[in-house]
Amino acid sequence: MKLRGTLGGLNPVGLATTQLGLSSVMLLPVALIGPAPAPLTLTAVGAALFLGVVGSGLAYLLYYGLLARVSPTQVTAVTYALPVWGLGWAALAGEPVGALSVLGVLVVLSGLGLINLPPRAKPGAATVQTDA
């Protein structure tokens, strides 16, 4: 709720671009000074740029876009689905998926379903009816 109150009127694209741009500027000197963990080929640099722009960039845009439309609890709940996606990609890559993994997916999806249920009225709370 604090984030929505503080950043609620700002453009989600501007927020995501600023956050990623500033973090890139801050990390660039460290990356240039330190040794390369692997040979820097055009393919490696292209892959890193693709993951940064497409993966992180789109994730931030979706995050801030969702935050403008739904509650912060629902936005944060999206992170619980990441292992489900990872397991799906692993299965597509031919890695074995065990019964405990499938059970974990069911638990995660059940939790996401519970989070998205409409809130129940508290016992004894008065309900207000409006005429249409």
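Modeller: Buried residues make up 10% of the 132 residues in this predicted model. A residue has to be under 20% relative accessible area to be counted as buried.

Biologist: What makes up the accessible surface of the protein?

Modeller: The surface comes to about 10,700 Å², and carbon and sulfur atoms account for 72% of that.

Biologist: How many helices and strands are there?

Modeller: The protein has six helices and zero strands, so a run must have been at least four residues long to be counted as a helix. Along the sequence the pattern reads α-α-α-α-α-α.

Biologist: Why is valine 54 called partly exposed?

Modeller: Its relative accessible area is 33%. Partly exposed covers what lies between the buried limit of 20% and the exposed limit of 50%, so valine 54 is partly exposed. Valine 54 lies in helix α3.

Biologist: Which residues make the nonpolar surface patch?

Modeller: Val13, Phe50, Leu51, Val53, Val54, Leu58 and Leu61 make a patch of about 630 Å². Patch residues need over 30% relative accessible area, and Val54 has 33%, so Val54 passes that cut-off. Helix α3, residues 42-67, gives the largest share of the patch, with six residues.

Biologist: Which residues form the largest nonpolar core?

Modeller: That core has five residues, Leu15, Ala16, Tyr64, Leu67 and Val75. Two or more of them come from each of α2 (12-33) and α3. Beyond its neighbours within four places in sequence, alanine 16 is in contact with Tyr60, Leu61 and Tyr64.

Terms used. Residues numbered from 1 in each chain as written. Predicted model: local features only at pLDDT ≥ 70, side-chain atom pairs only at ≥ 80, totals over all residues. Heavy atoms only, no water. Patch = residues over 30% accessible without salt bridge, like charges linked within 9 Å, V, L, I, M, F, W, Y side chains within 5 Å. Areas by Shrake-Rupley, 256 points an atom, 1.4 Å probe, with all protein chains shown as cover. Salt bridge = Lys/Arg side-chain N within 4 Å of Asp/Glu carboxyl O. Buried < 20%, exposed > 50% of the residue type's maximum accessible area, 1.4 Å probe, protein only. Core = buried A, V, L, I, M, F, W, Y, C linked by side-chain atoms within 4.5 Å. Contact = heavy atoms within 4.5 Å.
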